[in-house]
Every structure is written in structure tokens, then in C-alpha cells.
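Colleague: I would like to learn how to read charged side-chain contacts in a model. Could you take me through the general idea before turning to the case at hand?

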Amino acid sequence: MSRSQDAALAAALARMRQTLGPLAGAGRDGQSPRERIARPPRGPVPARITAAGNAIERLFIETARAAGASVETVPGLAAVPARIAAYLAGQGLAPRLHRAPDAFTRAVPFPDGTIELAEGPLPPEGGIALASAEAGLAETGSLVVRSGPDRPLAVHLVPETEIVLLDAGDVLPSQEALWERLRRAGGALPRDLTLVTGPSRTGDIEMRVEMGAHGPRRLHILLVGGAPEETAD
Amino acid sequence: MSLEVSARSFPEKAHEALGRERLQKTLGYLRFGSAAGRRAVMARFPEFDTYRDLGKAIKDHTLAHLDTYMEMFLEKAAAAGAHVHWAADGAEARAIILDICRKRGTRTVTKSKSMVSEEIELAEHLSAHGIRAVETDLGEYIVQIRGERPSHIIGPAIHLTKEDVEETFRKVHDDLPPGRPLGTPVELISEARLKLRDDFLNADVGISGANFLIAETGTVVLVTNEGNAELTTGVPKTHIVLTGIEKLVPTLEDATALLRLLARCGTGQDLTAYTSFITGAARPGDADGPEETHIVLLDNGRSRMLRTEFEEMLRCIRCGACLNQCPVYTAVGGHAYGSVYPGPMGAVLTPMLASVDEAGHLPNASSFCGKCEEVCPMRIPLPRMMRHWREREFERGLAPPAMRSGLGLWRTLAGWPAAYRLALGLAARVLRGRGREGFIRTLPFIGAGWTEHRDMRAPEGGTFLAQWSARAGRERRP
Ligand code: SF4
């Protein structure tokens, strides 16, 4: 901020203070801002989370599908290559994957020659990406992705089709649990933390929702280590 | 004026079909926030009303301590590596942003939808100084290449049919084969996606707004459905956030509480497809992200709303619900207001941001039916505030004589729905006779003050309410 901006800001803050009145320890409305930051109050837990009880994995599958993603559970990383091959064949897509550089994604044991793998920046026209998510949020079916040294954000935005690995143990009930986890880990946020809820979409032409605006048209989630879905209750 | 651009896109031979087309568009508006859609959303989120109270309480508390939370935010954002700037008005914000762009030798800027940048006419300012500013939200892109302004705060191109978009794309994208198929929304979206890819990957600067600013962490929260905000903020070397001070909330949990309301009221989703929490610039070693992040905090009349009868307007989270449910907005469309922020929220906010002399006619574009307040997730008493404006306007003797006599009539009619509908029906018939090419330059009696400022679209056959019930009746019959 330049010095003149600094002075203008100080003057604006002083004017605001005059309008709002003196700030006592307990806050102008009986709630102190410092206290709120130190112990952030939470809103009531949405009924859909309470109702899910321990079955938040199932709630996640349901909400992610409602948001337009496809989801399947896989017992472990070893089963991933075959599932991906089957998914791509089912969608009529060529077996060419662009692999994100994070450790979880790189741990998928692709047998030689079945799927063509590429790394580095994605082609501008999109392609198919394989990446992993930090966490999942059952309330909304969101994937939590973040920026970092081995985590290019573009991997979640540029492809036409994105396949995402999510460890079933990382499914959290809601954003509040994510904030709690972040604070426990020291509280520092990455530059970008994005909640991805279903594929990219737009309703800008005649209010009809179509998938694949600027981001992926298809979002396929592999819930690794997730309990197999039962066909009936 | 932009309205004339859209007027030209109405082919004369379609005059007969205009009634149907107009109704079609109106239904488009309603599809956005239909009562059935709202009911479905509420059924999936029974806590809705509890969260409305909570949302109101969060914003009221924040506004009571706006100075404190602003300072906290600025400190935290700077600590995370962002450069923070203060702009008292639009001119200052434009100068700050132009200066950053020039220092970085900027030729192309990508923009993700930001109503604040519309408010200060940023894209025009950059263009005037030789910097190409490309809107990347599909709706914004469409209205930009048509030389128009957004007609809705959530759906900027809501006033256009897919045929309008096709015609525009064929004209503007003249490097593509003329015979290409462009008849479906999917084809149009794919073409825009392809066209904008280059700009996304090659822009020097990305400019975004903010939906929330979190004081606790110095974080900027952005929501989109297309993914364009993430491409705008994450790919170029420089990211500039331009936002109003009323976007502040204390904590991450507070942002979460408001996010539970925003998409549900805006588009009927639980959450938008992309919700980004951006904190500072890229960290050393990050695989991508901007080297430099700037946050421009804009006042532009907002702080003088504190502790006035308009303070509650600062709770607005720009969800658009009050537009979608407003009978005046859905009948005349967003352009008729001639202001950046249309509908009930715009009628209250715009005079505060500009000067009442310029935008004083807006609060009169209301039927005072109360629907807006009923649906507002932040429980903002919009009709009451519109009345405040009108009173102020009267006190200052600003209302032109025609407006003053017209207002008395509005007031009587607004309090008496049957008469209101009857008068509106009569007016519609009068207006049909007067509309040349579907547009009306002068309204008789009540509207005279209004059309001095705006062209008003001619109603096509009966009032909207009448057409709606006629249609509903038809659909009910087997
Ligand atoms: S005034 Fe209320 S309903 Fe209208 S945009 Fe703002 S928050 Fe939404």
C-alpha cells in the first residue's frame, strides 16, 4: 500500500470507528471479535449429516452423485488400473492418462502397456487427468483439492475428464471438520483450497444447465478403501 | 444505449411470436428461482430458516465491528503474501489496478465475474488504456462481445435466447468455419470454451471479485460453477482481487454458514461446483499459482451506509433471489433498470453507490409486493428501504413532477392488489399500442419519470401474471 493509501485507510477506519462507537472489551454487541476468532462458533449440524450417523461414506457417494459426479468404491490401489480401464472404455475414451505428480496418484501400480501415461502440463484442449483429493465432504459431495509443491491446481481445471482418487478415510462430514483438521495441523491455509462439487457447468444459455463449461465435463471419483456398495439394504 | 443493441436482434417478422418469446424468457427467469425449485431445496435443507437467522446475525456482528475485522483481514492477507490496497471510490480502484497492470507490462487480462468491477466499469477503463480485458464467465463473455451489460447479477445473459448467442458467435468468431453447427447450447458452450482457453493460458493478469473475505485468515472466498474463477486466479503470474468491504466475515465457520445459503438461494444447488479459498500468493515451491496477489478493498459509498436506515443492505450476499422473485424484474428484465445492480437489491444499493440524483428513479421500479424480503436469505427489509429512498427523494424535491404525481398512484395501487393488477393490465394495453419495434420510449402517466431514464420493453399481450395463469391453466388441462 502506498503512503497516501495508508493515510486514506487510516482516515476511513477512524471515521468508521466514530460512526460505530467505542469498542469495549466485550464488543459493541456483547460479542468480542477476538473471542469469536479464538473460538469460532459453528452453525447447527445439518440434519442430513446427523441422519447419516456413521455412514458418512455412503452420504458422500449419494451427494457426489447428486452433484453430477460418478462414484465407485475400490478396495485398494491395486484395483485402480483395471477400474480406470473399464471406466474409459465405458465412456468411449482412449486409454491415455495425464497423471498428477502427487504421491498418492503416483502410487497407483499401472501395469506396463495397458494405459498410456503422461506427466507435466496438460494439453490446452484438455485430455483426461488422474489426480487425488485431500479430503471429501459428505454434506455436499465435494472433493477438497489444494495447491502445493506436487499439486498443480490446473490438473483439476484443464482436463475434459478428471478421475480423482479419494482415500475413504479422508471423507469428513462437512466443512467444519475440514477447518478443525486444518487448525490441528497448524492452521496455515495453502494459497488455494478448492471444494470441487461435481463437474464444471453453466446455466448461462437459456438457464439450461450443461456440464463442461471451462472445467471438466466428467468427474469420476474412485473411493479407495471404501466399503463395497450393497445392492440392497 | 445497450438496449438498442438487443432491440435490433428482434427480427421484425417475429413480431407476432414476440408474445410467446417474451413469455419464454420470463419463464427462463422463473426457472432460476421457481417456487417449486425453492421448495425442493428447502426439503433437502430443513435448517434453512435457522441459517437465515444465523446469517443475519453473523453479518450484523461483522458490520458492528467492520473496522476491527477490516484491520484483521488486511493484516492476515499481507502476512500470507498479498499486497493490500485501499480504494475510497471507483476512480481510485481503477487507478490502482491500471498501475499494477502497467508495472507488469500487461497486454491481456482475464476476468472472472465480478459485480464490483461492473460497478466501477473496470473492463472499459482497461480497454481505454490499451489492455484487453476478457470476461470469462460464459454469460459475461456473451454480453461483453455483444457490447451489452449484464441483465442479472447471477445470470448476466439471461435476457438472450440461444439463437441470439448463435448469431453473436457467428459474427464475432469469424475465424471459424461459417457452416459449423451451433444450434445447441452444448455446441455454443464448447465453442466458447475453446475460444477462451488461449486467453486463460496466456493472460498476464487475472482479475476476480470475492464472495467473502475471512478476517481470521486473510482468505478470499470465490464461488463459480464454470471453473473460470480458478483458471483466472490460478494461471496468470498476477492475481488482482477487487472487492467491497461488506464481504467481510470473521471466521472460516462463518463463511461456511453463509455458503450454506448462497448457492441454495442463487441457483438451487447445495454448493456451487467450485468454492475456492484463496490465501495470499503462491508459496515457494508451489507447482502453479500467481507470483503476486493484490487485494483492492473498495469503499465507494459503503461505509457511509453504516448506522443508517440502509445499513442492513450491507448484509447482501448477491444471491439474486430477490431479482428472480420480483414481478417487476421478471416483467421488464434487468436492463430496464439501467444500473449495474438491478431488481430490488439494486434499487436500494445503487443510489447509495452513485448519487441519488442519478439513480433516484430506481426505488420507484417496484410494486412493493414484499416478495423480495420474503425470499432474501439475509432477511433484508428491501421494501422498507425502497420507501426510505423515495421519502428522501421527496424531501430533497428531486422527483420530477410527473414522478411525483405518478408515485401517489403507485402507492395507492401497491396497497391494493386487485386494482394494481387491473391498472397494470390497462397499462399493458396502452403500452402495446405505443410500442414501436417492441420498445417504448415514453410511458403515459405513472411511468413518465421512469422512461426519461430508460427505454422500457413493451409488454406482449396482457400482464405477466395473466399470461402465467393462462399458461398454467392450459398445462393443467389434459
Ligand atoms: S438482497 Fe437478499 S435476496 Fe437480494 S441479492 Fe441480496 S441477499 Fe440475495
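Modeller: Let us begin with exposure, where buried means under 20% relative accessible area, exposed means over 50%, and partly exposed lies in between. The model shown here is predicted, and in it D49(B), with a relative accessible area of 42%, is partly exposed.

Colleague: Which residue does D49(B) meet in a salt bridge?

Modeller: Side chains of opposite charge can pair when their charged atoms come close. Here the side chain of D49(B) meets that of R379(B), at 3.8 Å from N to O, and R379(B) is itself partly exposed, at 27%. The two belong to distant parts of the chain, 330 residues apart, with D49(B) in helix α4 of chain B and R379(B) in the loop between α18 and α19 of chain B.

Colleague: Where do E160(A) and R217(A) lie?

Modeller: These two residues form a salt bridge whose closest N and O atoms are 2.8 Å apart. E160(A) lies in the loop between β6 and β7 of chain A and R217(A) in the loop between β11 and β12 of chain A, so the pair ties together parts that are 57 residues apart in sequence.

Colleague: Which residue forms a salt bridge with E71(B)?

Modeller: That residue is R17(A), with the closest N and O atoms 3.0 Å apart, and the pair crosses between chains, from helix α5 of chain B to helix α1 of chain A. E71(B) is partly exposed at 37%, and R17(A) is partly exposed at 34%.

Colleague: How many salt bridges are there over all chains?

Modeller: The count comes to 48, and a network of salt bridges links K56(B), D60(B), E312(B), R315(B) and R384(B).

Notes: Residues numbered from 1 in each chain as written. Chains lettered and ligands numbered in written order. Predicted model: local features only at pLDDT ≥ 70, side-chain atom pairs only at ≥ 80, totals over all residues. Heavy atoms only, no water. Salt bridge = Lys/Arg side-chain N within 4 Å of Asp/Glu carboxyl O. Helix = DSSP H or I, 4+ residues; strand = E, 2+ residues; numbered from the N terminus. Buried < 20%, exposed > 50% of the residue type's maximum accessible area, 1.4 Å probe, protein only.
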